[in-house]
Amino acid sequence: MPSTPALQAACSSFTCSGAIAEFERALIHERTVLGLAEAKRKGKRGGRPRSLSEKDAAAAKALLADSTLSSKEVAARFGVSKATLYRNLASVS
């Protein structure tokens, strides 16, 4: 325990500040969880939009199966990289 009144007041001040900060953090967390639940209820999805739609991915798969175009040419046609093309093709049935 601090020995001087000034140190005791400082420690009490820091304890009080810490409690307020902890309370604020709990409020932020609660509002975030409620906001995410509301967005989910409305059918909203978070994150970055997909670069290739399902329709484009199926068309790209058909072009690659044709074998007249290389994967680099097919990717360029759809405006994506080869890695993105293959990543999206893996999700197409």
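**Entry 1: the whole chain**

I began with burial, and buried residues make up 13% of the 93 residues in the protein. A reminder to myself: this is a predicted model. I then went through the secondary structure, which comes to four helices and zero strands. Along the sequence the pattern reads α-α-α-α. I also looked up how far contacts reach: of those with a separation of 6 or more, 48% are between residues 24 or more positions apart.

**Entry 2: the nonpolar core**

Which residues make up the largest nonpolar core? I found seven: Leu52, Ala60, Val74, Ala75, Val80, Leu85 and Leu89. Helix 3 and helix 4 are the elements that give two or more residues to this core. A general point to keep beside this: in soluble globular proteins, nonpolar side chains tend to be buried together.

**Entry 3: helix 3**

Next I asked which residues of helix 3 are buried. They are Ser71, Val74 and Ala75. Looking down the axis of helix 3, I see these buried residues within an arc of 100 degrees, so they line one face of the helix. After helix 3 comes Gly79, with a positive phi near 75 degrees.

**Entry 4: Ala75 and Ser71**

Ala75 sits in helix 3, which spans residues 71-78. Is Ala75 buried or exposed? Its relative accessibility is 2%, so Ala75 counts as buried, the cut-off being under 20%. Leaving out neighbours within four places in sequence, I found Ala75 in contact with Val80, Ser81, Lys82 and Leu85.

**Entry 5: helix 3 against helix 4**

How do helix 3 and helix 4 pack? Their angle is about 90 degrees and their axes are 9 Å apart. The two helices are therefore roughly perpendicular to each other. From helix 3, the contact uses Ser71, Lys72, Val74 and Ala75, and from helix 4 it uses Lys82, Leu85 and Tyr86. Sorted by class, this contact of helix 3 with helix 4 has four nonpolar, one polar and two charged residues.

I stayed with Lys82, which is found in helix 4. Its relative accessible area is 41%, so Lys82 is partly exposed. Lys82 touches Ser71, Lys72 and Ala75, not counting residues up to four places away in sequence. Lys82 and Lys72 are 10 residues apart in sequence, and I get 5.9 Å between their C-alpha atoms.

**Entry 6: helix 4 and helix 2**

I turned to the buried residues of helix 4, which are Thr84, Leu85, Asn88 and Leu89. Viewed down the axis of helix 4, they fall within an arc of 130 degrees, so they line one face of the helix. These buried residues pack against helix 2 and helix 3.

Helix 2 brings Ala57, Ala60, Lys61 and Leu64 to the contact, and helix 4 brings Leu85, Asn88 and Leu89. By class, the contact of helix 2 with helix 4 divides into five nonpolar, one polar and one charged.

Last, I checked Leu89 by itself. Not counting residues up to four places away in sequence, Leu89 touches Ala57, Ala60, Lys61 and Leu64.

Note on methods:
Residues are numbered from 1 along each chain as its sequence is written. This is a predicted model: local features need pLDDT of at least 70, side-chain atom pairs count only at pLDDT 80 or more; totals for chains, interfaces and linings use all residues. Side-chain values use heavy atoms; hydrogens and water are left out. Buried means under 20% relative accessible area, exposed over 50%, partly exposed in between (1.4 Å probe, protein chains only). Contact means heavy atoms within 4.5 Å. Ala, Val, Leu, Ile, Met, Phe, Trp, Tyr, Cys and Pro count as nonpolar, Asp, Glu, Lys and Arg as charged, and the others, Gly among them, as polar. The arc is that of the directions from the helix axis to the C-beta atoms. A nonpolar core is a set of buried Ala, Val, Leu, Ile, Met, Phe, Trp, Tyr and Cys residues joined through side-chain atoms within 4.5 Å. Axes are lines fitted to C-alpha atoms, for helices over the stretch in contact, and angles run from 0 to 180 degrees between N-to-C directions. Angles under 35 degrees count as roughly parallel, over 145 as roughly antiparallel, 65 to 115 as roughly perpendicular and the rest as oblique.
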